[in-house]
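Dear colleague,

Please find below the structure that I am handing over to you. My notes on what was found in it follow directly after.

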Amino acid sequence: MKAQTITFPRIAGPASAKRRRMLLLGLVLSLSTLCGGSLTAHADGSTPFGSFLVHTPTAIGAADASNFVWAMKDYNRDGVPDLYGIKVSNTTSPMVGSPMAELHILDGASDYRSFLVQTPIAITAADARNFAWAVGDYNRDGRPDLYAIKVSKTGSGMVELHVLDGASTYQSFLVQTPIAITAADARNFAWAVGDYNRDGNADLYAIKVSKTGSGMAEVHVLDRVSTYQFFLLHATTPITGTDAPNFAWAVGSYRRDGNPQLFAIKVNGTGSGLAEVHILDRASDYPGFMVQAPTAITAALAKGIVPTVPTAPTKPDAPNFAWAVGDYNRDGVPDLCGIKVSNVTSGMVEMHILSGQ
Ligand SMILES: [Ca+2]
Ligand SMILES: [Ca+2]
Ligand SMILES: [Ca+2]
Ligand SMILES: [Ca+2]
């Protein structure tokens, strides 16, 4: 991995805002496919997720990107979210004889050009493919911990949670335990960490996106206080099970009130032709939307849908991204972080951050 000097123009200020308005003037997008609701959004740069805060190449080469899983959290507690790159294959770290999975944390304050941490972690690369990953503060020491969620080849027959301690630079485990979801069912879930009941303890969100009993995407929240043995919530969302695989998922506060909202980022088959952010409201236990907005990144159109505006971009870019949520510009509103891992112009993994407001 070598550092890169390519610089993208930072998009900020009145001049670029005007340029955005010019570019997007007349691009009136209709979101009408979701849950029967009809929403018209004007992607003029003033809508949430309609404009970029930053485009930047990171210090990880795009050729290496497929070996990583991505997450965002503020590792060094400077208020800027850092990029967690969990390297699960093609690692070179010899430790007890076999290559280990590695954690590479890129510093948000350096616009993801320099590393805060590069270390092997206590899971082998051979085993790493059996895990899903998330980041949250398990032991409430202010340091984000790494949630390694073992979803296949578990000894217990259940999904297992292995939490690596941020304070030990992810060398030692805080907990290793089976949780209340079977390994056989695990492949039907997406995972995230958030404090559902706002008791200060990080709960585990298991978002069921296939083979749901209800036919809809479902939110199941496991309580940290029970070490993820008991559920705080079983809820049905307004997103159908058929549509659910078109989404990426994240949890974050949006209204600055600390409530964990569920971000459903639609990256395929959208009505607008753009990737869309649909935020499900914690206050209603996720049946209701608080925001539905197109982003400034193109997605594949849903089958049979024709763009409402002839000039609307149709070349899908969204499949080149991994997605996370974090407040890059520290205005209290989480931004959408698009981690571009393929079809990049810089040769490096790129960070493209859409402003949450
Ligand atoms: Ca930081
Ligand atoms: Ca911690
Ligand atoms: Ca909690
Ligand atoms: Ca923000």
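The term pLDDT denotes the predictor's confidence in each residue, on a scale from 0 to 100. The model is a predicted one, and the protein chain has an average pLDDT of 87, with 83% of the residues scoring at least 70. Over residues 1-43, however, pLDDT stays under 50. For this stretch the model has 67 contacts beyond four places in sequence. Where pLDDT is low, the predicted coordinates should not be read in detail.

Four strands form an open sheet in the order 17-18-19-20, and their pairing is antiparallel. Strand 17 (247-253) and strand 20 (289-298) are at the edges; each has a single partner strand, so one side of each is left without a neighbour in the sheet. On average, neighbouring strands of this sheet are turned by 20° against each other, direction ignored. Strand 19, which covers residues 274-280, runs antiparallel to strand 20 and is joined to it by six bridges. Within this pair, Leu274 stands opposite Thr298 of strand 20.

One residue deserves a separate note. Ile207 belongs to strand 14, which spans residues 203-208. Is Ile207 buried or exposed? It has 25 other C-beta atoms within 10 Å, and a residue counts as buried from 20 or more, so Ile207 is buried. Leaving aside neighbours within four places in sequence, Ile207 is in contact with Phe189, Ala190, Ala192, Ala217, Val219 and Trp249. Between the C-alpha atoms of Ile207 and Glu218, 11 residues apart along the chain, the separation is 5.7 Å.

With kind regards

Terms used. Residues are numbered from 1 along each chain as its sequence is written. Chains are lettered from A and ligands numbered from 1 in the order in which they are written. This is a predicted model: local features need pLDDT of at least 70, side-chain atom pairs count only at pLDDT 80 or more; totals for chains, interfaces and linings use all residues. Two residues are in contact if their C-beta atoms, placed from the backbone, lie within 7 Å. Two strands pair if DSSP finds at least two bridges between them. Helices (H or I, at least four residues) and strands (E, at least two) are DSSP runs, numbered from the N terminus. Axes are lines fitted to C-alpha atoms, for helices over the stretch in contact, and angles run from 0 to 180 degrees between N-to-C directions. A residue is buried if 20 or more other C-beta atoms lie within 10 Å of its own, exposed if 12 or fewer, and partly exposed in between; C-beta atoms are placed from the backbone.
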